[in-house]
Amino acid sequence: MSARSSHVIVGASLAGAKAAETLRTEGYDGRLVLIGAEPDRPYERPPLSKDYLRGESERAKVFVHDAAFYAEHEIELRTDTTVSAIDPQGRAVVLGGERLGFDRLLLAVGAEPRRLAIPGAGLDGVHYLRDLADADALRARLERGGRAAVIGAGWIGAEVAASARQKGLEVTLIEQASVPLERVLGPELGRIYADIHREHGVRVLTGAGVERLEGAGSVEGVRLADGRLIECDLVLAGIGVLPRTELAAAAGLALDNGILVDAHLETSVPGIFAAGDVANAWHPLFERNVRVEHWANALNQGPTAARNMLGRGEPYERIPYFFSDQYEVGMEYSGLAEPGDRVVFRGDPAGREFVAFWLDAAGRVSAGMNVNVWGVTDAIQGLIRARTSVDAARLADPDVALEQLLPSQV
């Protein structure tokens, strides 16, 4: 690329920061601008519901790069800056009264929390957790102790419930589904996580709808649809996120559950790319579009998008992966399980040390989750990539090495 060219990244997120880093390490020497709406330089989000929230790690540890990195690599980092529009035909982004031209553009704008749409949602003491400011506010509130009600038992809700309980708060976890994490893990694994939380003193209420929040100025309780009142001093709403597609929609980019991109992370407008939570990307292995809202996806899609901004033609083929730590239970999940997939356990679910596999109708491994069992992710992902049926009995047998089930060794 010519030194006169200009690449712009909208979204000073993990995906955006790693894309900027990759553009420089891959030899791009043109103008490089990284724009973020938040006041902080790019940071990683997993600690916000875990060790950082509990006050066990310092603020400096959440950042992707040290403060000097961007100037040292001639990356123009513009924080606290909002892009108001994209002009695809004019190849420019609009920042207030300024137009910033680009040869290639990457959208790494992420997602935003779904907001409660019930009476009382605007009371003081109602928290969401997405950004560093949210984590700082919630962290300060947890230090005061008391009673926490967590609405939504997805990953954020479950992790915050665990952190709050570890901080000594009384915690009630409220979930409309039949078990926590049901949408991602299904009922069998969801029941295990419900038991884990109950064993640590969390009151877990499932099949519970929320009618309103009550309080005089500050939240004092959660009124359930069945009439019960859950008294509390604070509420954390973890009811999912929505991809930030407003800029893309106004610019005429194709959308469907996020910004639609091809296997090279390029949008419907040539030269404009998307990565991270906002990107609904065609996956060559699964032969469908996949949008993933997890750290590893942002970490790896950003660099792939950057290389494709340089014309490398590299498909994004990584298997979706995420991790979670709740209390003493750590897990890693790889793949994409679907409702109706059969679950096969290897190891001891009751002892919280096992691997769970999901098998599709053809007997192929669609996903795997290792809980307090380590060093098996590569083998699990190998089984997923193989796309061939496996013997469920051998899969469940801990005496059979997972590598022996791969096609080349069967």
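## A buried charged pair

Both Glu214 and Arg223 are buried, that is, under 20% relative accessible area, where over 50% would be exposed and anything in between partly exposed (1.4 Å probe, protein chains only). Their side chains meet in a salt bridge, with N to O at 3.0 Å; the term stands for a side-chain nitrogen of Lys or Arg within 4 Å of a carboxyl oxygen of Asp or Glu. Before going on, please note that this is a predicted model, in which local features need pLDDT of at least 70 and side-chain atom pairs count only at pLDDT 80 or more, while totals for chains, interfaces and linings use all residues. Residues are numbered from 1 along each chain as its sequence is written, and side-chain values use heavy atoms, with hydrogens and water left out.

Strand S13 (residues 210-214) pairs with strand S14 (residues 221-224) in the antiparallel sense over four bridges, and Val210 stands opposite Leu224 in S14. Strands here are DSSP runs of E with at least two residues, helices are runs of H or I with at least four, and both are numbered from the N terminus; two strands pair if DSSP finds at least two bridges between them. Six residues lie between the strands of the hairpin, and Gly215 takes a positive phi near 160°.

## Salt bridges across the chain

Side chains of opposite charge can pair when their charged atoms come close. The structure holds 24 salt bridges, and one of them joins Glu26 to Arg312, with the closest N and O atoms 2.5 Å apart. This pair links distant parts of the chain, 286 residues apart: Glu26 is in the loop between H1 and S2, and Arg312 in the loop between H7 and strand S22 (321-326). Glu26 counts as partly exposed at 31% relative accessibility, and Arg312 counts as partly exposed at 41%.

Glu338 and Arg288 also meet through their side chains, at 2.6 Å from N to O. Here Glu338 sits in the loop between strand S23 (329-335) and strand S24 (342-348), while Arg288 belongs to strand S21 (residues 288-290), 50 residues apart. Glu338 is partly exposed with a relative accessible area of 37%, and Arg288 is partly exposed with 33%.

## The parallel sheet

Five strands form an open sheet with parallel pairing, in the order S3-S2-S1-S7-S19. Strand S3 (76-78) and strand S19 (272-274) are at the edges with a single partner strand each, so one side of each has no neighbour in the sheet. On average, neighbouring strands of this sheet are turned by 15° against each other, direction ignored.

Within the sheet, S1 (residues 6-10) and S2 (residues 31-35) pair in the parallel sense over five bridges, and Ile9 has Leu34 in S2 as its bridge partner.

## Two helices on the sheet

Helix H1 (residues 14-25) lies across S1, S2 and strand S7 (104-107), running at about 170° to S2. Helix H7 (residues 295-309) packs on the sheet too, touching S1, S7 and S19, and its direction makes about 165° with that of S7. Such angles run from 0 to 180 degrees between N-to-C directions, with axes fitted to C-alpha atoms, for helices over the stretch in contact; contact means heavy atoms within 4.5 Å.

The axes of H1 and H7 come within 7 Å and cross at roughly 35°. Residues of H1 including Leu14, Lys18 and Leu23 meet residues of H7, among them Trp295, Gly302 and Arg307.
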